[in-house]
Amino acid sequence: MDTTNETVTVPGRPPSVKINRISFADVRAALAAGLGDFRRAPLIGLFFGGIYAAGGIAIWLLLTVYHEPWWIIPIAVGFPLIGPFVAVGLYETSRRLAAGQPLHFGEILGVILAQRKRQVGWMAFVVLFIFWMWLYEVRMLLAIFLGFQSFSTIQAFLDVITGTAEGIGFLAVGTAVGAGISFVLFCATVVAMPLLLDRDIDLITAIIASFKAVIQNPAPMLGFGLIVVALTFLGLAPLFLGLPVVLPVLGHATWHLYTRVVAPVRPSPC
C-alpha cells in the first residue's frame, strides 16, 4: 500500500481526504483483519449480524402472511444494499480494537445513536432510498415482462423467470439494472460510511472520497465488492441464517480497508 499521502489539517478549514493506492494484498489483509476482529469480539458481531438476519426472517414471515412469499427473492437480493448502514456498530468495534480501547457494549450503542445527529443519518436516508428504488424497479419490470403477475409460492416465481421467455427477459434486464444500482451504491458508500463515522465531514465530501477511492483503485476495490456480494449471498442462502457471521466479518473488513485506502490525518505544522 502506498502511504505517502496524508491529510493535513488547516486551522479553520476541514481537512481534505487523501486517497492511497492499494493492492489486492491490502484487500486480503483487510479480510483477514475483519475475521480477526470477529474472533476477538464474537458476541458483538453476532448481535449486529443477528439483527440483520432477524429483519430478513421477519420480512419473509410478513410476506408469507400476505401470500406474497416470492418477494423475498428481490428483497434478499437488495439486502446487501443496506449492509453498510447496518455495519456502523461493527466499524466502531474495529476502531476501538485497533486503538486498544475497551469494548463497552453500551458505549458502542451510544455511538450508533449519536449518528442520528451527524451526516451518517443522511447517508442512511440515501441508502434506504436506493433500496426502495430497487424494489420499485423490480415491480416495474414485473409489469413490463410479466404483467403484474402474482405468485403463490417462491417455486412458482422461479419456474416463470427461468422457464419462460418473458421471465428470462425479466431476469436479464433486472440483473443488469440491479448490478448498476449496486455498483453506484457501492462506490458511494464503501469509504463514505466509515469516513463519516471517523471524521467530522459533510456527506458530499465523504461520497466524493468514496468514488475517488474506487476510481483510483478500481481492481482491488471492485474485487472487494465482488467478495462482499458473494459472501453475502452465501449467508443469505439458508434463510438469512449465515448473516450473523458473514456480516460482522465483512463489516470489520470494510473498516480495515477504509484505514488502508484513506490517508490518516496529520496536523499542520505551526
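This passage describes the fold, the confidence and selected contacts of a predicted protein model.

The model is predicted; local features require a pLDDT of at least 70, side-chain atom pairs count only at pLDDT 80 or more, and totals for chains, interfaces and linings use all residues. Residues are numbered from 1 along each chain as its sequence is written, and side-chain values use heavy atoms, with hydrogens and water left out.

The protein has 13 helices and two strands. Helices (H or I, at least four residues) and strands (E, at least two) are DSSP runs, numbered from the N terminus. Of its 270 residues, 44% count as buried. Buried means under 20% relative accessible area, exposed means over 50%, and partly exposed lies in between (1.4 Å probe, protein chains only). The accessible surface comes to about 13100 Å². Carbon and sulfur atoms hold 71% of that surface. Accessible areas come from the Shrake-Rupley method with a 1.4 Å probe; for residues, only the protein chains shown count as cover. Among contacts with a separation of 6 or more, 76% join residues 24 or more positions apart. A contact means heavy atoms within 4.5 Å.

Confidence was examined by residue and by element. The pLDDT, the predictor's confidence in each residue from 0 to 100, averages 82 over the protein. A score of at least 70 is reached by 83% of the residues. Over residues 8-12 the pLDDT is below 50. That stretch still has ten contacts in the model beyond near neighbours in sequence. Where pLDDT is low, the predicted coordinates should not be read in detail.

Helix α1 (residues 24-40) packs against helix α2 (residues 42-65) at an angle of about 105 degrees, with the axes 5 Å apart. Axes are lines fitted to C-alpha atoms, for helices over the stretch in contact, and angles run from 0 to 180 degrees between N-to-C directions. Helix α1 is therefore roughly perpendicular to α2. Angles of 65 to 115 degrees count as roughly perpendicular, under 35 as roughly parallel, over 145 as roughly antiparallel and the rest as oblique. F38, R39 and R40 of α1 meet P42, G45 and L46 of α2. Three of the contact residues are nonpolar, one is polar and two are charged. Here Ala, Val, Leu, Ile, Met, Phe, Trp, Tyr, Cys and Pro count as nonpolar, Asp, Glu, Lys and Arg as charged, and the others, Gly among them, as polar.

Helices α11 (residues 203-216) and α12 pack at about 110 degrees, with their axes 5 Å apart. This angle makes α11 roughly perpendicular to α12. A213, V214, I215 and Q216 supply the α11 side of the contact, and P218, M221 and L222 the α12 side. Six of these residues are nonpolar, one is polar and none is charged.

T189 lies in helix α9 (residues 165-189). T189 is buried, at 3% relative accessible area. Its C-alpha atom is 6.7 Å from that of I207, 18 residues apart along the chain. G242 sits in the loop between α12 (218-236) and α13 (243-261). G242 is also buried, with a relative accessible area of 19%. G242 and G50 are 192 residues apart in sequence, yet 9.3 Å apart in space, C-alpha to C-alpha. Q101 occupies the loop between α5 (88-99) and α6 (105-114). Q101 counts as partly exposed because its relative accessibility is 33%. Residues up to four places away in sequence aside, Q101 touches R95 and R96.
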